[in-house]
Amino acid sequence: LTSVNNNVGNSPYSVSVFPNPMNSDATISLNLPEEESVSITLIDVLGKKVSVIVDNKKLPAGAHQFQLTESYAPGAYMVMVKGEKGISYEKIIVGGE
């Protein structure tokens with residue numbers, strides 16, 4: 001995992017995570033150009049689903065924020081945003097507390 005923001009194809013999603021690296025809590029920011037259904041999933045480096053943040057929810061156009069508040073083992077993860085128009089990934093690092 002060397003890319004911080006790895007958009008697949010011409011994905012229209014702008015996604016970021018702050019703070020990154022994180023220790024306990026972080027905020028996922030997502031900007032949608034138009035209303036659509038999206039899923040946001042945290043996956044590990046092997047592609048295994050760790051947590052579902054949003055499950056196929058219709059969101060209006062604009063900026064959205066979601067909180068990561070669970071405890072995760074230290075390491076590298078990807079936030080995967082999947083919608084009607086494509087998939088975007090954002091790398092996130094979880095450090096020790």
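Tutor: Happy to! Strands (E, at least two residues) are DSSP runs, as are helices (H or I, at least four residues), and they are numbered from the N terminus. This is a predicted model, in which local features need pLDDT of at least 70 and side-chain atom pairs count only at pLDDT 80 or more, while totals for chains, interfaces and linings use all residues. Residues are numbered from 1 along each chain as its sequence is written, and side-chain values use heavy atoms, with hydrogens and water left out.

Let's start with the loop between strand E2 (14-18) and strand E3 (26-32), where Pro19 sits. Pro21 is in the loop between E2 and E3 too. Phe18 and Pro19 are joined by a cis peptide bond, with omega about -5 degrees. Another cis bond links Asn20 to Pro21, with omega about 15 degrees. For context, most peptide bonds are trans, and most residues other than glycine have a negative phi.

Asn56, in strand E5 (residues 49-59), is not a glycine, yet has a positive phi of about 50 degrees.

Now for the side chain: His64 belongs to strand E6 (residues 62-68). His64 counts as buried because its relative accessibility is 13%; buried means under 20% relative accessible area, exposed over 50%, and partly exposed in between (1.4 Å probe, protein chains only). Not counting residues up to four places away in sequence, His64 touches Ile28, Ser29, Leu30, Leu32 and Leu59, a contact being heavy atoms within 4.5 Å. The C-alpha atoms of His64 and Leu30 are 5.2 Å apart, although 34 residues separate the two along the chain.
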